[in-house]
Amino acid sequence: MPGKNDVRLQKFMAECGVASRRKSEELIELGKVKVNGHIAHIGDKVNPKKDIVTVRGKRINKVDKLYYVALNKPRGYVTTVSDELGRKTVMDLVDIDARLYPVGRLDKDSEGLLILTNDGSFANALMHPKHNYAKVYRVTVRPSVNDEILDKLRNGVEIDGRKTSPCDVNVITEEEGRVVLEFILREGRNRQIRKMCEAVELEVARLKRVSIGPIKLGMLQTGKYKLLNENEVKKLLRSATPPEQDKTK
């Protein structure tokens, strides 16, 4: 029978810095996780003090130090811990002796602000499906935009069989055959901006995320990273808390 100290396996994995809870569930489903030598299943619980949990044959334990990293991701890097195709990953850019993993993602051809951590609770809060923090992107598109296109993007377009939520889209600069737009999104669907632009016949030439909630890219150079301080982490968590769960108001 489950004991009072037992926790869900994916929660324990996140607290050990393996991956987010969602990604940990994927590892369990793939049969990469064992508990006391037996292949684990979704729904399993473990006693962190007694059970031996291994991921790909390596035992995992709770982390001693938590890291919160802001990285300026360059183009050409994939947002994964490892890549079976041998491509460069964002982990190649961070020299920290801890099992970090990305919170959310930017596709290979996109650049800009990416958060990495080994704090599973923090990652889970940021990736909560009801998060309400804003992510700001600078997007260079071709050939041009008009009021009709902007209205469609702002009000929502259908991608992957479902309409996108309303968002802010503003023109930053405009010249012959090229426009820089600012997108402010509060949802995070796969390749969302690229698919939105494709739906209104715009080509994305460059896509850069410049802020996540209160955390801004600022003067952080491409390919470089910095550690977030305690105050920045608290502000980011507060901005990501779903309204009904925010007890501090």
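Let's start with Tyr68, which is buried at a relative accessible area of 15%; buried here means under 20%, exposed means over 50% and partly exposed is in between, using a 1.4 Å probe and protein chains only. Before I go on, this is a predicted model, so local features need pLDDT of at least 70 and side-chain atom pairs count only at pLDDT 80 or more, while totals for chains, interfaces and linings use all residues. Residues are numbered from 1 along each chain as its sequence is written, and side-chain values use heavy atoms, leaving out hydrogens and water.

Back to Tyr68. How many aromatic pairs does the structure hold? One, and it is Tyr68 with Phe122, edge-to-face, 4.9 Å from centre to centre with 75° between the planes. (Rings of Phe, Tyr and Trp, the last by its six-membered ring, pair if their centres lie within 6.5 Å; planes under 30 degrees apart are stacked, over 60 edge-to-face, the rest tilted.) The two partners sit 54 residues apart, with Tyr68 in strand E7 and Phe122 in helix H3, residues 120-126. (Helices, H or I with at least four residues, and strands, E with at least two, are DSSP runs numbered from the N terminus.) Phe122 is buried too, at a relative accessible area of 2%.

Now along E7 to Ala70. Ala70 is buried, with 0% relative accessibility. Leaving out residues up to four places away in sequence, Ala70 touches a list that includes Leu113, Ile115, Leu220, Tyr225 and Leu228; contact means heavy atoms within 4.5 Å. Take Leu228: 158 residues from Ala70 in sequence, yet 6.6 Å away, C-alpha to C-alpha.

That brings us to E9. Strand E7, residues 68-73, pairs with E9 in the antiparallel sense over six bridges; DSSP has to find at least two bridges between strands for them to count as a pair. Ala70 has Ile115 as its bridge partner in E9. Strand E8, residues 101-103, also pairs antiparallel with E9, over three bridges, and there Val103 has Ile115 as its partner. E9 runs parallel to E15, joined by two bridges, with Glu111 opposite Lys208 in E15. How many of the seven residues of E9 are buried? Seven of the seven, so this strand, residues 111-117, is largely enclosed by the rest of the structure.

Lys73 is buried but has no salt bridge, and Asp107, the nearest side chain of opposite charge, is 6.0 Å away. (Lys and Arg count as positive, Asp and Glu as negative; His and the chain ends are not counted. A salt bridge needs a side-chain nitrogen of Lys or Arg within 4 Å of a carboxyl oxygen of Asp or Glu.) Beyond four places in sequence, the contacts of Lys73 include Thr79, Val90, Asp107 and Glu111.

So what about salt bridges that do form? The whole structure has 14 of them. Arg75 makes one with Glu111, with the closest N and O atoms 3.4 Å apart. Arg75 is in the loop between E7 and E8 and Glu111 is in strand E9, so this pair ties together parts 36 residues apart in sequence. Arg75 is partly exposed at 45%, whereas Glu111 is buried at 4% relative accessibility. Then there's Arg142 with Glu203, also 3.4 Å from N to O. Arg142 is in strand E10 and Glu203 in strand E15, so that link spans 61 residues of sequence. Arg142 is partly exposed at 38%, and Glu203 is partly exposed at 45%.

On to the greasy part. The largest nonpolar core has 23 residues, of which Val141, Leu153, Leu181 and Phe183 touch the most other members. (A core is a set of buried Ala, Val, Leu, Ile, Met, Phe, Trp, Tyr and Cys residues joined through side-chain atoms within 4.5 Å.) Elements giving two or more residues to this core include strand E10 (135-142), helix H4 (147-155) and strand E14 (178-185). E14 gives the most, four residues. Leu153, not counting residues up to four places away, touches residues that include Cys167, Leu181, Phe183 and Met196.

Last stop, the open sheet. Its four strands run in the order E3-E2-E5-E6 with antiparallel pairing. At the edges are strand E3 (38-39) and strand E6 (58-59), each pairing on one side only. Strand E2, residues 33-35, is joined to E3 by two bridges, with Val35 opposite His38 in E3.
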